[in-house]
Amino acid sequence: MEWLLLGGGAFFAGLVDAVVGGGGLILVPLLLTSFPNSPISVLFGTNKVAAIVGTSSACIRYAKSIGIPWNVAAWVAATAFLGSWIGAQSVSLLHRETMKPLVLLLLILVGGYTFAKKDFGRMEGHPIALRWRLPVALGFGGIIGFYDGFFGPGTGSFLIFVFIRWFGFDFLRASAAAKLVNVATNLGAILFFSTHDGVYWKLAAMMAVANLLGALVGAHLALRHGNRFIRWLFMLVVVVLIGKLGWEVCFT
């Protein structure tokens, strides 16, 4: 019964991740509830193994269908990989609780800005100046990679927001670029967790299959329904994240 629940959660997480990210919001609480006595680093590693399969599938699907803006996304992914490895290494050293108020504030700002700008992400916007693209891509990649390896909730939302706001992508291309970066951050974290505290490999394999199926469905929905669908799902994920983190900050 427990594996059935985790399999269903992995499928839904893969679906959401393939479109806007946020699958960790579903899977990590399920893992923590199902294995309350397990080291949190082991559960994080198990989640990353499950997630990378679905994310990689969605990334390939986007690359074939609409293309990935490699000139920006590849640089972000490169430093995100390194940042994620360092972030995963910091899991046992730092208190993640201290990050929740800051992440909550950032999500509120991201959600508010996206809601206020009705055309935000509907079409390609105006990117930052060309001379700033590489430094911003490298710096942002390192920061978001560290965050995803260390804590995680909202990573996909932050990636999509920055790709739209700073690099001028629409929602569909931003989601495609975010998938590539997510593959890199998942891989960096997996390399650390699997070689240190370990991973529940059998459970991870089962969840990876379910996550892959969900990702195939999610990528199909995103490509079929386009920017408007992604915008509304993006807003929904951000609101849920705000509610979850707000509850934890205020009442736990």
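This report describes helix packing, selected residues and cysteines in a predicted model.

## Basis of the description

The model is predicted, and local features need pLDDT of at least 70, side-chain atom pairs count only at pLDDT 80 or more, and totals for chains, interfaces and linings use all residues. Residues are numbered from 1 along each chain as its sequence is written, and side-chain values use heavy atoms, with hydrogens and water left out.

## Packing of α4 against α8

Helices here are DSSP runs of H or I with at least four residues, numbered from the N terminus. Helix α4 (residues 70-89) and α8 have axes, fitted to C-alpha atoms over the stretch in contact, that come within 7 Å and cross at roughly 25 degrees, on a scale from 0 to 180 degrees between N-to-C directions. Helix α4 is therefore roughly parallel to α8, given that angles under 35 degrees are classed as roughly parallel, over 145 as roughly antiparallel, 65 to 115 as roughly perpendicular and the rest as oblique. Their crossing is right-handed, meaning that the near helix is turned clockwise from the far one by less than a right angle.

Contact (heavy atoms within 4.5 Å) involves, among others, Trp70, Phe81 and Trp85 of α4 and Leu180, Leu187 and Phe192 of α8. The residues of this contact divide into 18 nonpolar, four polar and no charged, where Ala, Val, Leu, Ile, Met, Phe, Trp, Tyr, Cys and Pro count as nonpolar, Asp, Glu, Lys and Arg as charged, and the others, Gly among them, as polar.

## Packing of α7 against α8

Helix α8 (residues 171-195) also packs with helix α7 (residues 155-165), at an angle of about 130 degrees and with the axes 8 Å apart, so that α7 and α8 are oblique to each other. This crossing, too, is right-handed.

## Individual residues and cysteines

Ser41 lies in helix α3 (residues 40-65) and is buried at 7% relative accessibility, where buried means under 20% relative accessible area, exposed over 50% and partly exposed in between (1.4 Å probe, protein chains only). Apart from neighbours within four places in sequence, Ser41 is in contact with Phe193 and Asp197. Ile108, in helix α5 (residues 100-116), is partly exposed at 43%.

Among the cysteines, Cys59 is buried at 9%, whereas Cys250 is exposed at 56%. The count of disulfides, defined as pairs of cysteine sulfur atoms within 2.5 Å, comes to zero.

Conventions. Helices (H or I, at least four residues) and strands (E, at least two) are DSSP runs, numbered from the N terminus.
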